[in-house]
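Have the sequence and the 3D view open as you read.

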Amino acid sequence: MRTFQEKLDSLSDSSVWTFTKQDVSFDNAFRAAQLFNSIPDYEHTPIQKYFSDHYLEYGISSNNYRVLVMAQLFGLITKGEFYERGSGYKNERVTPVFELLNSCDFGGTDYNIYKSEQLLKLKIHAIIDSANNNPGWEILPVPFLFQVLYKLKKEHGISQISTSQYYTYVATCQLHEELDEAVKFIAEGAPDCNYVQSYDGFSRAKILIRDNLSLFTFQGDNISLNSDFADDFYEQFFKNADWQYIYSQLHRDIDYADFLYNYQGFCVNLIEAKKTHKLPSVRKKAMPTNKPEIEDDDQEYNEAIADIDDSNINLEISKNAHTVEPQIGKCGNRKQYSKNPLLGKCAIKLADYKCQMATDHSSFLSGKTRKPYMEAHHLIPICFQQEMWDKYRVNIDCVENLISLCPTCHKAIHYGAKEVKIQLLEELYKMCTPKYRSIGLNISLKEMKDLYDI
């Protein structure tokens, strides 16, 4: 752990949680997403003009269509390439969590539960940060601020922090692993940094948290936990949440997109005190598996893929998924390998809902997509994720390693006779080799066969 002086010496005038200088109201961003959802033809409609013509119908306070950026931050509209300045919204779509919110009474309890979850999932490096203010930062500001204040109160009897302490020791943290350090410096009364005034004018995170949630109390120069929420939030959600899984979703853009755009079942209400209830169960993301994929027909994984509406997908988000080190968890003494269903959906969409073993293979019409039913398969089995990363520095949960197969071919590569598996593997390896080479995955056919033990 660093000394407070080492912490202060590491700071610069931009070392603070940063969002865009837009209206930070979640409700306004939701209304903007509703307006966006009403556009009849994204490809040919001038979105800026359409927004200006219709904003009053949705109770939006300004005709500036840039509020759509905040809808992207909150996960209500997709963002094809994170951290890049958008060239328009014609390739973007509303997300599944927007559709859940849109099905609720505006401002009602269900709406506030979904809203609370989206605010808990906001991360720094912010996905709309085109100025690249916080590159490489992986932290959830709302849970982190809660943890700092909760630990200060429970372990040190400190019930509030000053705005200066917030900016110096909380809003400058880049990773959740800095929690104990932040608590220690505040508890010891370490001095403030010289950038507090600059941070206060530059960072929008405090305003966003203050204006959208009731979990904290902002009074004068002080920040504290709201006693109407804090203990219930900790007992009902915080201490039981799967934080290993949650933090693992912050590393790759594709994983964070799936995490942000879909309801995770947090089921907490941080807007209205003493109002919680069960919402309908919605699929969990990036299912871990304890079995090697070559012994498993991936039923749960492909069911999750089938649940994804492909109209919600911008394929740009799947780029560079291979470059991020895989996060491999443990269940007891066994490793858990995560597979992102959004990547599987991208692979099937890129294949135009056809079997890549033979495009004339027929399949039944899916009841969910109204398109031929296909399944996604990791050609290099996901259970070799760590080995492939160690050898090639490639995360094999990526579109380059995913293929679209009809159910018959998918079953055959898992359960077929040896000669059937060899034929399938040779054909699919030949097809995937250019994609593998493009990402530096120089695996040989012999090595691939060894993975399948054939």
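Where is the place of Thr172? Thr172 sits in the loop between H8 and H9.

## Before we start

This is a predicted model, in which local features need pLDDT of at least 70, side-chain atom pairs count only at pLDDT 80 or more, and totals for chains, interfaces and linings use all residues. Residues are numbered from 1 along each chain as its sequence is written, and side-chain values use heavy atoms, with hydrogens and water left out.

Leaving aside neighbours within four places in sequence, Thr172 is in contact (heavy atoms within 4.5 Å) with several residues, among them Leu11, Trp17, Trp137 and Tyr199.

## The helices on either side

Two packed helices are described by the angle between their axes and the distance between the axes. The axes of H8 (residues 163-170) and H9 (residues 179-187) come within 10 Å and cross at roughly 140°. Here axes are lines fitted to C-alpha atoms, for helices over the stretch in contact, and angles run from 0 to 180 degrees between N-to-C directions. Helices (H or I, at least four residues) and strands (E, at least two) are DSSP runs, numbered from the N terminus.

On the H8 side, the contact is made by Gln165, Tyr169 and Val170, and on the H9 side by Ala182, Phe185 and Ile186.

## Aromatic pairs

How many aromatic pairs does a search of the whole structure find? The search finds 32. Rings of Phe, Tyr and Trp (its six-membered ring) pair if their centres lie within 6.5 Å; planes under 30 degrees apart count as stacked, over 60 as edge-to-face and the rest as tilted. Phe146 and Phe233 have ring centres 4.8 Å apart and planes at 85°, so this pair is edge-to-face. Because Phe146 lies in helix H7 (residues 141-156) and Phe233 in helix H12 (residues 230-236), the pair ties together parts that are 87 residues apart in sequence. Phe146 is buried at 1% relative accessibility, and Phe233 is buried at 3%.

Tyr166 and Tyr167 form an edge-to-face pair too, with 4.9 Å centre to centre and 65° between the planes. Both of these tyrosines are buried.

## An enclosed helix

Why is H16 (residues 341-350) described as largely enclosed by the rest of the structure? Eight of its 10 residues are buried, and therefore the helix counts as largely enclosed. The buried residues include Pro341, Gly344, Lys345 and Cys346. Their cover includes helix H14 (253-261), helix H15 (299-307), strand S7 (375-378) and strand S8 (402-405).

At the start of H16, a side-chain oxygen of Asn340 reaches to within 2.8 Å of the backbone nitrogen of Leu342. After the helix comes Asp352, whose phi is positive, near 60°.

Key
Buried < 20%, exposed > 50% of the residue type's maximum accessible area, 1.4 Å probe, protein only. Polar contact = N/O pair within 3.5 Å; in protein donor to acceptor, adjacent residues only side chain to side chain.
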